[in-house]
Amino acid sequence: MLAGEAGEAPRLAMSILSRVAPLYRAASLIEVSRAHVDGCIYEGEAGLAFAERLAAAGGKVRVPTSLNVVSLDRARWSQLGQDATFADRARRLGEAYLAMGAKPSFTCAPYQTDESPAFGEQIAWSESNAVAFANSVIGARTNRYGDYLDISCAITGRAPAAGLHLSENRRGTHWFQIHGVSESLEERADFYPVLGYLLGSLCPSGIPVVDGLQRNPSDDDLKSLCAAAATSGAIALLHLVGVTPEASTLTEAFGGHVKPAARTISLAELQRTRRSLTTSSTYSLDVVAFGSPHSSLAECRELAALTRGRSAATGIQVFVTTSAAVRAIADRVGILAELERFGATVTADTCIAVAPLVKSGARVLMTNSAKYAHYGPGLIGVESVFGSTEECIESAVAGKVVVDSGAWE
């Protein structure tokens, strides 16, 4: 491939990979069985030119490849008021990757689709939450691969033989013990993004091992935890003792090595972290958003139940961002109609952090997602309020921020 014998696109992809691999301290490459590409988000002309160059050169993925969100709702961008010029560039970018054989998944949660890998599978995934979930919850093996390197791995079917692809690098590095947290708090969905966000700040680049959970979180809980940990830090793998597959015991989580000193995570620290996710000091509200990472069908069903027979206040934008596959199922079973009756816009293929969907002049966003809350000020240009799913719905109905922190006291 590097010599050009397989064509121009594989030559270019392998030249990129062979130059980047030493930065991972890799002496060789490893075969991967699937890829997930994040470079399909439109960030400017350079990314579009790169993808179209690869496609024009006959680039084809060698392994099953899923695509992350794009910067438009491919079916409804015009209805949502997106600029036609921007939408055309975002569309062309997605189509360039489709022309190379990638699947039109367009979701940041490929692990909740049929693209999910198996335990121990060597993969090349990008998108920080997807990487953290694949490594931690599934036990697949990938490093955090950035834009353009992801498609290079997909075209070559190779990745650097380093980092989390290797067993010796998957051992825990930091030990955290949860102390003084009630089981009833752990049963709340908003506990997990807060815990994840705290872990990312305490262990920004290591592999945290968390001991002391009293219940088994759901897949959606783990999705929120991994996304938050990968947002506040660069966590690509974490171990939850007795929960995740490489941490059935504390000893296994540390690979049989001597454990470091334990660091306690207290209720007070979790409370402070939860408060830090709110940057707004006002009760005014403009936008309520769910779905970062993309909402699962179960989450959409919960939202429909909470909104049934109710309506969002006039002037409040409500977004539920999900995949086209989930939206299609939600449409068939009546969930989509219920959410739309409430006043929600259910977008597919995209999210409000990468597409200009939030109305001009919006100042305050409320969300149950630590990721949306984190990126609100920087990427969306709004102040953030973090709350539970129920608090977000109550706020949308009231037209102002409604919070009840009693369960956290």
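Helix H3 has 16 residues, which at 1.5 Å a residue should span 22 Å. The model is predicted. H3 also carries Phe86, one partner in an aromatic pair with Tyr42.

**Helix H3: ends and cover**

- H3 covers residues 84–99.
- Gly101 follows H3, and its phi is positive, near 100°.
- The buried residues of H3 are Ala87, Ala90, Leu93, Gly94, Ala96 and Tyr97.
- Among the elements that cover these buried residues are S2, H2, strand S3 (65–67) and helix H5 (149–156).

**Aromatic pairs**

- The whole structure holds 6 aromatic pairs.
- One of them joins Tyr42 and Phe86, with ring centres 5.5 Å apart.
- The planes of these two rings stand at 85°, over the 60 degrees cut-off, so the pair is edge-to-face.
- Tyr42 sits in the loop between strand S2 (35–37) and helix H2 (45–56), while Phe86 sits in H3.
- The pair therefore ties together parts that are 44 residues apart in sequence.
- Elsewhere, ring pairs link Phe191, Tyr192 and Trp408 into a cluster.

**Buried or partly exposed**

- Tyr42 has 11% relative accessibility, under the 20% cut-off, so Tyr42 counts as buried.
- Phe86 has 22% relative accessibility, so Phe86 counts as partly exposed.

Technical notes. Residues numbered from 1 in each chain as written. Predicted model: local features only at pLDDT ≥ 70, side-chain atom pairs only at ≥ 80, totals over all residues. Heavy atoms only, no water. Phe/Tyr/Trp six-rings, centres within 6.5 Å; stacked < 30°, edge-to-face > 60°. Helix = DSSP H or I, 4+ residues; strand = E, 2+ residues; numbered from the N terminus. Buried < 20%, exposed > 50% of the residue type's maximum accessible area, 1.4 Å probe, protein only. Expected span 1.5 Å × (residues − 1). Contact = heavy atoms within 4.5 Å.
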